[in-house]
Amino acid sequence: MLAITSLLNPQSAERINRLIKSLEAEFGLDDVQATPDPHITYQLAGVRKLSALKQALRDVARHTQPFAAFTTGLGVFPGPNPVIYIPVLRSDALNNLHQRILRATAPLCLRTDKFSGPDCWLPHISLALHDTTPELLGPVMQYLNQHTFNLKISINNLAILRQEGESFVPEKIFTFEGHKHEPIPTLFESQA
């Protein structure tokens, strides 16, 4: 399976990685570091042809303008290994991008995860996963409660992450280019 994501801008990524490192130092939680690049996931997918997926995402990125997304609070996906995350607020721009990605990739996917659909998708930035326990959840949340999670994130790329050994690494990153294709407004209208 590949992950179709947007990588966080360097300043936000640095802040998230510092927080993740502090969770390792305080609680020994380090499994989330298998993906060293903090990101927002749009879809997990198995594809027939990676080259076709790259072309589809290149086309989406070519016609997408960078935009801001915002985070707030903390969330937990419960279970034997709870996932602790920062929710990314859904906006028209983020929902539109997600829908365009799903439409572009649907013919290429052999399988996808059930949480990528528009009704179930919850954009987030993972802070801890796989090595958490219900017993650790309370102390970790109490520790995280000392921080603020109101971030403004620049969404300006699509990235394909692939598994390499124990890690997930960028296969290809497509920078948004929609702003390059917008007509430049003129100061003076022509008088006809």
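Colleague: What makes E4, E5 and E7 an open sheet of three strands?

Modeller: In this predicted model, the order is E4-E5-E7 with antiparallel pairing, and E4 and E7 are the edge strands, since each pairs on one side only. Strands here are DSSP runs of E with at least two residues, numbered from the N terminus, and residues are numbered from 1 along each chain as its sequence is written. Local features need pLDDT of at least 70, and side-chain atom pairs count only at pLDDT 80 or more.

Colleague: How do you know that E5 pairs with E4 and with E7?

Modeller: Two strands pair if DSSP finds at least two bridges between them; three bridges join E4 (residues 75-77) to E5, and four bridges join E5 to E7 (residues 124-128), so both pairs meet the criterion.

Colleague: Why is strand E5 called largely enclosed?

Modeller: Buried means under 20% relative accessible area, with exposed over 50% and partly exposed in between, for a 1.4 Å probe and protein chains only. Five of the five residues of E5 (residues 83-87) are buried, so the strand is largely enclosed by the rest of the structure. Val83, Tyr85 and Pro87 point one way, whereas Ile84 and Ile86 point the other way.

Colleague: What is said of Gly79 in the hairpin of E4 and E5?

Modeller: The hairpin has five residues between the strands, and Gly79 takes a positive phi near 150° there.

Technical notes. Heavy atoms only, no water.
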